[in-house]
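Please take a moment to look over the sequence and the structure shown below, and keep both in view while reading.

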Amino acid sequence: MVGAYTSMIGATVAYLFLPRYFGEAIDTVKNMLEGGQLDNAAIFTIVGTIFVLSVIRGVLSFFQTYLGEAASQYVSYDLRNKLYDHIQHLPFGFHDKHHTGNLMSRAITDVENIRMFVNMGVVRTPYFIALFIVVAVILLRMDWKLGLVAVSFMPFVAIQSGFARLRMRRAWLIIQDMMAELNTVLQENLTGQRVVKAFASEDFENQKYNNQSREVSTSVIRAERLRVSNTAFTLFSFQIALALILWFGGSRVINGDMSIGELAAFVFYMQILAMPVRMSGMVVNSYARAASAGQRLFEILDLKAEEEEAQGSTTLSNVKGHVKFENVSFSYDEGVPVLKNINIEAEPGKIIALLGAPGSGKSSIINLLPRFYHADLGRITIDGIDVNDISLKSLRHNIGMVQQDVFLFTSTLEGNIIYGKEDATYDEVVSAASVAQLHDHIMSLDDGYDTAVGERGSTLSGGQRQRMSIARAVLLDPPILILDDSTSSVDANTEEEIRKAMEEVMEGRTTFIIAHRLSTVHRADEIIVLDKGEVVERGTHQELLAKNGKYREIYELQLRPQEEVLRDMDLDDDGKAIVSGRANR
Amino acid sequence: MHGSAFQGVSRGQVDEVTFGRVYDRQVILRLLPYVFPYKRLALIATVAMLVYTVSQVSIPYMIKLGIDQFIDVGDFSGLTVLFGVFIAVACTNWVANYTQQLYMEKVGQGVLYDLRRTLFAHLQKLSLSYYDKTEVGRIMSRVQGDVWQLQEFMNVVIMTLADLLSLAGIIIMLLIMDLKLGLITMAVLPLLILIMAVWQPFAVKAFLRVRRAISIVNGALNENITGVRVVQAMNRQNRNLQQFDEKNSEHLFSNLVASKLSSGLIPVVDILTAVAIGLAIIFGSRMVSLSQLEVGVLVAFIMYVQRFFDPIRNLTMQYTQLQRSMASGARIFELLDVEPDLVDTENATDLPRLTGAVELRDLSFSYAAASKEVQTMARETGEERNGTNGHGDGNELPDVLKNLNLEIKAGETVAIVGPTGAGKTTLVSLISRFYDVPRGRGSILVDGTDIRDVTRGSLAGQMSMVLQEPFLFSGTVRDNIKYNKLDATQEQMEEAAKAVGAHDFIMSMEEGYDTYLAERGVNLSLGQRQLISFARAIVADPRILILDEATANIDSYTEMLIQRALQKLLVGRTAIVIAHRLSTIRGADKIVVLNLGEIMEVGTHEELMNSEGLYAHLYHMNYASIEAPEPATANGASSRD
């Protein structure tokens, strides 16, 4: 940075001497005409000086440009790292609300806009301003009257640019938001092609996209109109100044107040300013873009990372796995409670099954334990320590999760299995995969564990992908295990395989399990039935069956043929005999 | 502006070739038709640009005139007239400059809009075979990133054109003012061209490296954001940052190399400018002394030479952008060139309102037949089990469906069961015509008409599908339910929501049906999303309803409610249901048992149970997992018979 400024000053100085020698050359020629004698030596001295100055200037502006560019690259490098790290530390609540497309456009376009500005604005703007000031001083000293005329256009440019800058900044903010919206429409359309096709809604989608796209175009044109009128005006006022110099300066030459060479020098000095004048429009534009980009970036960078939300610093060791929820309440959005006063106690090594309708709060409960979200009220403890007091790293290290949405990273199968524990040995990987009933399938692939998988994980079926997630969790060997809906999308055969695997894995671990099918939950130590965020029933399989409550109802629903249940329910509705007992809510 | 948004994971060998070009005739030729609708605007812009260039180039000449014609001879009034002309030229320049830039921008935006529209519409036409094998991120990068690149390209083209024009103008002026001095001054040009020729290959390589680095960086970023939940659950942040930093550093470093190269041209241009000016002064002064040249001409010469190198300097700066844009253009057209493999035949007719009879005749299908590259899909849906049974190796794609014959009467509810990989999803995808069955490999008829002979729109309009993974769009609950029937009334919508038991939870949200579902409804549970997609299917009033494991993510109670609602809703409609939980389909009119792409058994529940085949086996297994370990619970199951 310092280097950039130093070479900038050097280049400027060299640059500023050049017009004087151009002017001198003209005067020499002029004098020669009057004296009738061509002074070859003088001409060569002048040309030589010009050459040397140009070389100096060229070399120095090389450093200036390069160092300016380098500075801007370092800034964007830092910014990218910062953003990357910050985003991966932001809590789930943030990611629930922000589209990947939206975040990507910030990380790419906005960072780039800021980089451009560092180069244009921070490095070149001082250069331009310095150039303007020094040229103004030189011109004023050469001939203050003509100098005054020459610099007269500068205030206009400054004022105009100032206004344009503010308005363009607003315009760019709008455009960036609209672009993000357009991204979203596109991304959803592509991800949901199956739905679009199933409903033959291509026309509707076309229209939706085109409307948004048109708005983007219109607002870009609006912003560009601002930029264009700004640059055109700037150039215009510069040319007017040039005309004034020619006219006023010409009259002074005619009156004998200055030489033609001096006038020429004036013109050449003005010529120096031609480039900055043209560039000033771009600087203003880049400022406007960067300011709006910066605003969008800092919106994200200023958000608290999840660690900062709680000051937990305790490190867990020798976790037994005694988990307690005490009077826990929680809501994603204020005013819409998702969990109300939940109490759960899981002794080490016990299995807790959570059951309930969609939206009853099962997933929320298990998301609170690794602190993906924070409970509003009550507390959650592991071995008696409040999870808020435990460092995130240590907390999550002790909790293995098999999540609903399986995400595979672009890597090999092995790379994905060892995702949470990179120092795992091959044997460990194989045994984890075996537990997850995946080993045989993996070995049947040409590349075995080295088979590449990507975001869509297309080498694996849905059931296999879920088992990948199980293998991942198994490898971590956590004292606490969370299984979220992990076996819902596989057929009975596969489910049975997984169930066997899981039984082995659950051995000696505290396990929270969510599954719709009783076959998975019925052997839990405690089954908790949830409804609308509240515990409505709890107990073992036997106890709950004996209770003739909601669990019994679900149990019968699953075991009895559907049409019988439906018939019973119809009877229910008619108020006649109730066969199943609790089919009605 | 970089804007290579979502360049993401797309890095092919093709890119290597296309990345490096500065001028690609193919791309330019294909872009031209997009400019054509805006020819009037483009014409105005071009004229304005010419006027702008002429006025710009004439300024040094006017200074020369002023010096030689008026100042030198002391003609002040003449100078004043010239001053007036100068002002007029400046005004013209102002207007022309504004018009030129604005109209070019309008043309550019118009072209981009059309291009985006064409791309999007094209994407809607591509069949699922394409989406099965192409990552969303990759398409995104084309439509967003590459189109944005073309926007920058427009800007560059405008600047380049302006630069070339003024270069031409300057050369003409130099030669007009004095042929001999003009030629002498331009003697440095060949040297410049030579240097550029040496410089270019290095630059191409350096900028290629930059772009590869940035697309790796963006890919890593994209993946980390998408998989952030796993990252956090697995405590991978530090390791990930470390890996990202390596990629980011490579990007930084490659940029530094590239900017060293591009800055390297600056001293060259500066020195050559000095040489040219030096030549002008040395030879000019000699010519002045011989009265072959006026002083003003020399002044004008120096001014022109100074401006002469500005366009050249700009051209070198635009160089990378040109390269980048050509690569983007090539990629966009590559995408547009993907032939939709599922198009309506020329004389396709619209289906009349269906009764809903479906018939499969000798139907066989393999994904290879649909598209050579869709092997991944086949593996995903069909081969898991095949693989373990030693059938498909992945190289030779086996048939996912083999010679199916099946008749579904209008209004029937047909269940399709079978182990994972049996071909169930493939079968319903074919009935929905997500893929076309090649002629000669059997056919699918609805109401006796081959679905390949009708328009896809008229077929899809009478079918609804509920998939295992519910997919909602960002928008309100209302938008989503009315998605394929925009003219549905509030009553119809609420009725559908009530029927599937979604009404209550929708109303419990603060804004009811107007609740906004952010990012495809992540604020809802999976089951709730499924209920909404159920309501969406029902509002459409389909003749044929396809449920592909639609209730896998819903609890038994809700599922039962849906089943019950379906009993009413399915009256007079044909339903094809895929389910793993066999208890839910016992009441079907017909149960089709698929295994390894073949129909093993067809019949009602009772018939199949009696025949003790695969169905009976699967059915027992469904219960075994509960009953086996807990024989004591027989009292619960006793009500079964």
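In which helix of chain A is Val430(A) found? In this predicted model, Val430(A) belongs to helix 14 of chain A, which covers residues 426-435. Since a residue needs 20 or more other C-beta atoms within 10 Å to count as buried, Val430(A), which has 18 C-beta neighbours inside 10 Å, therefore counts as partly exposed. From Val430(A) to Ile554(A) there are 124 residues in sequence, and the C-alpha atoms of the two are 38 Å apart in space.

Another part of chain A shows how two helices meet. Helix 6 (residues 153-191) and helix 9 (residues 260-301) of chain A have axes that come within 8 Å and cross at roughly 40°, and the two helices are therefore oblique to each other. The crossing in which helix 6 of chain A passes helix 9 of chain A is right-handed. Among the residues that make the contact are Val157(A), Ser161(A), Ala164(A), Arg165(A) and Met168(A) from helix 6 of chain A, together with Val284(A), Ala288(A), Ala291(A) and Gln295(A) from helix 9 of chain A. Sorted by class, this contact between helix 6 and helix 9 of chain A has nine nonpolar, six polar and four charged residues.

In soluble globular proteins, nonpolar side chains tend to be buried together. The largest nonpolar core here has 242 residues, and those touching the most other members are Phe266(A), Val267(A), Ala353(A), Ile417(A), Ala471(A), Val299(B) and Phe301(B). Helix 9 of chain A gives the most to this core, with 19 residues. Leaving aside residues up to four places away in sequence, Val267(A) touches Ile245(A), Ile63(B), Val299(B) and Met303(B). Another core, of 91 residues, lies apart from the largest one, and its residues include Tyr483(B), Ala550(B), Ala588(B) and Leu596(B).

Chain B has 24 helices and 12 strands, and 52% of its 641 residues are buried. Of the contacts in chain B with a separation of 6 or more, 82% are between residues 24 or more positions apart. Within helix 18 of chain B, residues 490-499, the buried residues are Met493(B), Glu494(B), Ala496(B), Ala497(B) and Ala499(B). The cover over these buried residues includes helix 17 (477-481), helix 19 (503-508), helix 20 (526-539) and helix 21 (556-569) of chain B. After helix 18 of chain B comes Gly501(B), which has a positive phi, near 75°.

How values were computed. Residues are numbered from 1 along each chain as its sequence is written. Chains are lettered from A and ligands numbered from 1 in the order in which they are written. This is a predicted model: local features need pLDDT of at least 70, side-chain atom pairs count only at pLDDT 80 or more; totals for chains, interfaces and linings use all residues. Axes are lines fitted to C-alpha atoms, for helices over the stretch in contact, and angles run from 0 to 180 degrees between N-to-C directions. Helices (H or I, at least four residues) and strands (E, at least two) are DSSP runs, numbered from the N terminus. Angles under 35 degrees count as roughly parallel, over 145 as roughly antiparallel, 65 to 115 as roughly perpendicular and the rest as oblique. A crossing is left-handed if the near helix is turned anticlockwise from the far one by less than a right angle, and right-handed if clockwise. Two residues are in contact if their C-beta atoms, placed from the backbone, lie within 7 Å. Ala, Val, Leu, Ile, Met, Phe, Trp, Tyr, Cys and Pro count as nonpolar, Asp, Glu, Lys and Arg as charged, and the others, Gly among them, as polar. A nonpolar core is a set of buried Ala, Val, Leu, Ile, Met, Phe, Trp, Tyr and Cys residues joined through C-beta atoms within 7 Å. A residue is buried if 20 or more other C-beta atoms lie within 10 Å of its own, exposed if 12 or fewer, and partly exposed in between; C-beta atoms are placed from the backbone.
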